[in-house]
Amino acid sequence: MDYKKAYETFLKMAFEEIDYPAAPVVYKLSENQKLTIEYIRDLTNQVQNRIMQLKLVNIAMKEDEYRKELELFKLNFLKQCLQSPQVAELARYTHNKLKLSKFINKHKNMDDYMDILDNANSHMHTIRIILQELWVSKEVDLVI
């Protein structure tokens, strides 16, 4: 699994960068995010495939075993977040919002969407952070 590519794609689809003077980069879940159910399913499948690959790897050194277990822990947590009802609801709403009838009250529709964004916010940031950690640890550590 290419963690860097997964992280960058996820970031582009769901977040916007906020610039604050003399501060590190801050990411905010975008109101214009473009998640799809298919993308979430594909990312979940990639995570599941990597979990299966890691489970098949035999490790001789204790340090490598630790890295393997840590990566498995992060991947399992990432999978749980990706499969959360909040992320699924966000992806479904994003997909369906283009098809909504023009007769629906726009204010109520926007309020519903903001509630969905709020509910998915912690899961989305957790996914972003785990993908970033997996990518950085792959760059720094020896590949298992």
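How many residues does helix 3 have, and what does it reach from its first C-alpha to its last? Helix 3 has 21 residues and reaches 30 Å, close to the 30 Å expected at 1.5 Å a residue. Please keep in mind that this is a predicted model. Here is a quick tour, from the overall fold to the helix pairs and then to one lysine.

**Overall fold**

- Five helices and two strands make up the secondary structure of the protein.
- Along the sequence, these elements follow the pattern α-β-β-α-α-α-α.
- The protein has 144 residues, and 34% of them count as buried.
- Taking contacts between residues at least 6 apart in sequence, 71% join residues at least 24 apart.

**Helix 1 against helix 2**

- Helix 1 covers residues 3-14 and helix 2 covers residues 37-56; the two pack at an angle of about 160 degrees, with their axes 12 Å apart.
- Because of that angle, helix 1 is roughly antiparallel to helix 2.
- Their crossing is left-handed.
- Helix 1 brings Y3, A6, T9, F10 and M13 to the contact, while helix 2 brings Y39, L43 and R50.
- Sorted by class, this contact has six nonpolar residues, one polar and one charged.

**Helix 2 against helix 3**

- The axes of helix 2 and helix 3 come within 10 Å and cross at roughly 155 degrees.
- That crossing angle is why helix 2 counts as roughly antiparallel to helix 3.
- Helix 2 passes helix 3 in a left-handed crossing.
- On the helix 2 side, the contact is made by I40, L43, T44, V47, Q48, R50, I51, L54 and K55.
- On the helix 3 side, the contact is made by K68, E71, L72, L75, N76, L78, K79 and L82.
- By class, the residues of this contact divide into nine nonpolar, three polar and five charged.

**Buried positions in helix 3, and K74**

- The buried residues of helix 3 are D64, R67, K68, E71, L72, K74, L75, L78, C81 and L82.
- K74 sits in helix 3, which runs over residues 62-82.
- With a relative accessible area of 14%, K74 falls under the 20% cut-off, so K74 is buried.
- Setting aside neighbours within four places in sequence, K74 is in contact with I130, E133 and L134.

Key: Residues are numbered from 1 along each chain as its sequence is written. This is a predicted model: local features need pLDDT of at least 70, side-chain atom pairs count only at pLDDT 80 or more; totals for chains, interfaces and linings use all residues. Side-chain values use heavy atoms; hydrogens and water are left out. Helices (H or I, at least four residues) and strands (E, at least two) are DSSP runs, numbered from the N terminus. Buried means under 20% relative accessible area, exposed over 50%, partly exposed in between (1.4 Å probe, protein chains only). Contact means heavy atoms within 4.5 Å. The expected span of a helix is 1.5 Å times one less than its number of residues. Axes are lines fitted to C-alpha atoms, for helices over the stretch in contact, and angles run from 0 to 180 degrees between N-to-C directions. Angles under 35 degrees count as roughly parallel, over 145 as roughly antiparallel, 65 to 115 as roughly perpendicular and the rest as oblique. A crossing is left-handed if the near helix is turned anticlockwise from the far one by less than a right angle, and right-handed if clockwise. Ala, Val, Leu, Ile, Met, Phe, Trp, Tyr, Cys and Pro count as nonpolar, Asp, Glu, Lys and Arg as charged, and the others, Gly among them, as polar.
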